[in-house]
Amino acid sequence: MDVVVVESPAKAKTINKYLGKGYKVLASFGHVRDLPAKDGSVLPDEDFAMSWQVDSASAKRIKDIADALKSADGLILATDPDREGEAISWHVLDVLKKKRVIGQKPVKRVVFNAITKNAVLDAMAHPRDIDEALVDAYLARRALDYLVGFNLSPVLWRKLPGARSAGRVQSVALRLVCDRESEIERFVPEEYWRISADLKTPRGDVFEARLVSAEGKRVQKQSIGNGETANRIKAMLESAAYTVESVEAKPVKRNPGPPFTTSTLQQAASSRMGFSASRTMQVAQRLYEGVDIGGETAGLITYMRTDGVQMAPEAIEAARAAIGDQFGARYLPPAPRAYSTKAKNAQEAHEAIRPTDFSRTPAMVKRYLDADQFRLYDLVWKRGIASQMASAEMERTTAEIIAASGSDRAGLRAVGTVVRFDGFLAAYTDNREEQTPGDDGDDDGRLPEINQAESLGKEKVNASQHFTEPPPRYSEASLIKKLEELGIGRPSTYASTLATLRDRDYVNIDQRKLIPQAKGRLVTAFLENFFTRYVEYDFTAGLEEKLDEISDGKLNWKQVLRDFWKDFFAQVEDTKELRVTNVLDALNEALAPLVFPKREDGGDPRQCQVCGTGQLSLKLGKYGAFVGCSNYPECNYTRQLSADAEADASGVNPNEPKELGKDPVTDEQVTLRTGRFGPYVQRGDGKEAKRSSLPRGWKPEDVDFEKALALLSLPRDVGQHPESGKMISAGLGRYGPFVLHDGTYANLESIEDVFSIGVNRAVSVLADKKAKGGRGRATPAALKSLGDHPDGGEITVRDGRYGPYVNWGKINATLPKGKDPQSVTLEEALPLLAAKAGTKKPAKKTAAKKTTAKKADADKTSEKKPAAKKSAAKSKTASTAKKKAPARKKADSASAGEAESGDN
């Protein structure tokens with residue numbers, strides 16, 4: 001028997017069915033070890049020695065693999081066919097070697113691009129060794145990311161409080177988003193006019209023709225810059241006679257695009273289905289690892305982390321056969337189509353993302369897939385099949401028209417396109433995912449019959465005013481496309497990079513557009529001013545090229561690290577002498593449009609509007625940056641960096657309380673205010689004033705007197721509990737709305753419930769909590785069941801006060817920030833629960849172990865005491881041992897953990 005190691009349980013389950021009894025397939029659950037998140041994990045002074053750590057959950061997986069290997073004939077490493085997959089295999093093998101369980105047993109590395117029976121069995125028949133060059137590239141990338149993160153982030157923490165982290169690729173991606181925002185802020189709209197005419201043929205058909213020349217000049221998009229010129233040309237066209245100068249019809253062919261790569265799949269899924277990059281990869285992972293299709297488990301698509309655009313010859317033949325069956329012989333080109341990648345620094349030569357079996361149409365598998373899986377499979381199948389179909393054949397007709405009024409002449413053009421043969425468009429139509437705003441193109445659909453030299457009638461002349469628009473903000477899809485064009489990052493990193501930017505609150509996503517937050521713009525401005533080289537696009541792309549050369553065996557990975565570290569370390573050391581005032585001066589200048597927007601009255605945007613003499617500037621506080629006056633403490637004007645910039649620019653002082661009305665009971669003024677930590681309402685003044693922050697989801701502009709009074713009345717009495725007679729209250733706490741009775745809290749769904757809940761419902765909510773046990777908050781209801789744990793018991797997804805989490809018995813594991821609770825799978829939940837279970841305290845020692853431990857401690861202590869004091873020392877030691885028992889248990893547990901992973 002051979003032990004086969006793969007990454008995930010789902011993959012293990014599928015492959016185990018293919019291999020049969022002679023193999024035992026086990027999952028590593030991804031990487032089994034990583035660099036500890038602390039200083040010293042990579043040591044540049046020791047030739048970049050790297051210290052790896054196995055966490056408790058991975059230690060259990062390694063133990064299972066090691067135990068199975070003891071009675072096995074050999075080890076087969078079958079992790080994914082990319083750089084990360086190679087690294088996982090290397091880690092597993094290295095740990096097992098250090099545990100001395102490999103011995104003389106053969107070790108093989110196999111890779112397959114699709115999880116199908118043929119692909120897996122073929123891979124088993126053609127094993128190889130671990131690719132050391134790929135592992136070196138992984139080590140270099142991991143070391144670089146660690147060195148940048150653990151040396152640059154502390155600089156940010158010291159010089160820019162509130163900043164979370166910086167990263168080698170993350171910071172460059174953030175710079176792209178921030179640079180685009182700066183472009184938008186600097187953009188000045190320009191006026192332009194478009195002129196067209198609705199013309200009629202002698203046969204009564206009406207069509208539109210656009211102005212292309214006038215007054216002896218060619219007219220382009222922004223040529224007509226004011227209404228005066230537009231009206232002059234329009235008046236001329238109103239009185240003109242129209243004649244067709246020429247009509248030309250040209251055949252046009254449109255060729256299909258290649259099958260999906262990782263980035264193009266993410267872009268298409270975003271534009272067509274609104275998927276985030278991470279959601280796309282989650283669904284694709286499920287399709288790759290295997291789905292039960294009528295009793296047969298099979299992977300439906302090939303490996304989804306790739307920048308290759310080619311398909312295997314057998315896949316091309318299968319696609320051509322499917323085209324003939326599904327669409328007919330006319331849709332089959334004479335020869336197979338071949339594609340080559342245009343991406344800068346394309347990584348390993350993997351296949352494109354395609355169906356594993358083209359005969360398995362989306363309609364055939366729909367009933368076996370959930371909605372998202374079906375939509376993504378449908379997209380991959382159609383794009384893959386279209387890539388081998390015949391070109392679409394079109395006819396483009398262009399009519400040139402002369403308008404004559406006296407001696408004045410103008411030219412107009414009408415363009416129409418007709419599809420003569422749809423070709424690949426029968427399967428897949430590209431979206432214009434990033435069309436330039438206002439660019440409508442020249443294709444106006446079908447034109448009526450138009451003949452050369454015939455006269456046309458004028459129906460209407462149109463002159464419309466337009467303004468140029470700023471460049472659009474990046475979406476996840478367009479940012480990935482830009483990163484790929486620049487050669488920054490790789491297919492496996494895009495989704496995680498975007499997730500990090502969201503998790504750090506550096507960007508926000510609104511209507512699928514990435515909007516940089518104040519914190520993100522501060523970090524970018526700081527890095528651009530003081531670490532310019534390391535956020536340059538060319539430098540980052542150049543480093544990616546070196547990593548690719550390492551994977552090709554052309555560069556030594558440690559030499560690349562030495563070259564990088566020498567200059568980077570010097571830059572970090574230089575910033576230690578940097579004063580905060582220098583940082584603020586640079587940021588004030590770099591972020592002036594954001595921090596000091598222009599005032600409507602034309603005054604100095606940096607002049608304090610409260611005291612009139614101070615200068616506004618960025619200030620750094622414990623929780624981040626804010627804007628304050630230079631006359632502090634005499635002038636205490638402050639505002640948040642971004643929230644009230646517009647109000648400040650328009651002359652409204654955000655620190656000035658907005659009066660909402662007087663409390664009818666206390667006769668105190670109720671006001672809406674903005675502080676450093678956000679908007680709040682206040683009743684009265686001074687230290688005794690009552691305050692309440694606005695609940696999440698409430699906007700300051702929507703808060704009126706009635707809402708403010710309701711907030712300030714919290715907590716409110718709901719009524720007496722019918723059993724205890726004690727008061728039930730409802731309020732808003734740190735973790736959200738709640739009801740409280742006799743020390744027992746229970747969650748409420750929304751802030752509105754706090755104001756409307758009655759006694760009956762409050763009693764019911766509290767009873768539900770009591771039935772589930774505990775005096776704290778009620779256990780949230782399950783949002784979704786994921787199925788049973790391998791060790792028994794249901795796994796569910798729930799939403800708690802700290803966010804969504806997965807639950808199994810008494811173990812709760814928080815979901816990563818930004819993770820959609822409805823998208824969680826059983827395979828994703830298991831490692832989270834395993835990791836959480838590994839942090840639980842060990843079970844209590846048996847009485848025998850306790851006695852032994854106490855005796856050992858007593859003996860050790862007594863050996864150090866003089867004989868005359870032995871009896872007293874023994875008594876004292878026993879007492880001390882009893883007091884320190886919990887601490888010793890903790891120490892024993894730590895020692896056990898070190899012993900288990902210490903050889904890693």
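**Salt bridges and a charged patch**

Tutor: In this predicted model, Glu544 and Arg141 form a salt bridge, with 3.0 Å between the closest N and O atoms.

Student: Which helices hold Glu544 and Arg141?

Tutor: Glu544 sits in helix α16 (residues 537–551) and Arg141 in helix α5 (residues 132–159), so the pair links distant parts of the chain, 403 residues apart.

Student: Are Glu544 and Arg141 buried or exposed?

Tutor: Both Glu544 and Arg141 are buried. They also belong to a network of salt bridges that links Arg141, Asp145, Arg168 and Glu544.

Student: How many salt bridges are there?

Tutor: The count comes to 41 salt bridges.

Student: What does Arg203 form a salt bridge with?

Tutor: Its partner is Glu454, the closest N and O atoms being 2.8 Å apart. Arg203 lies in the loop between β7 (191–200) and β8 (206–214), and Glu454 in the loop between β14 (408–421) and β15 (455–467), so this pair ties together parts 251 residues apart in sequence.

Student: Why does Arg203 count as partly exposed?

Tutor: Because its relative accessibility is 38%. Glu454, with a relative accessible area of 12%, is buried.

Student: Where do Lys382 and Asp378 lie?

Tutor: Both are in helix α12 (residues 371–386), 4 residues apart, about one turn of the helix. Lys382 forms a salt bridge with Asp378, with closest N and O atoms 3.2 Å apart.

Student: Changing topic, which residues gather in a patch of negative charge on the surface?

Tutor: Glu701, Asp702, Asp704 and Glu706 do. Glu701 lies in the loop between β24 (690–693) and α21 (705–712), and it counts as exposed because its relative accessibility is 58%.

Definitions and conventions:
Residues numbered from 1 in each chain as written. Predicted model: local features only at pLDDT ≥ 70, side-chain atom pairs only at ≥ 80, totals over all residues. Heavy atoms only, no water. Patch = residues over 30% accessible without salt bridge, like charges linked within 9 Å, V, L, I, M, F, W, Y side chains within 5 Å. Areas by Shrake-Rupley, 256 points an atom, 1.4 Å probe, with all protein chains shown as cover. Salt bridge = Lys/Arg side-chain N within 4 Å of Asp/Glu carboxyl O. Lys, Arg positive; Asp, Glu negative; His and termini not counted. Charge placed at Lys NZ, Arg CZ, Asp CG, Glu CD. Helix = DSSP H or I, 4+ residues; strand = E, 2+ residues; numbered from the N terminus. Buried < 20%, exposed > 50% of the residue type's maximum accessible area, 1.4 Å probe, protein only.
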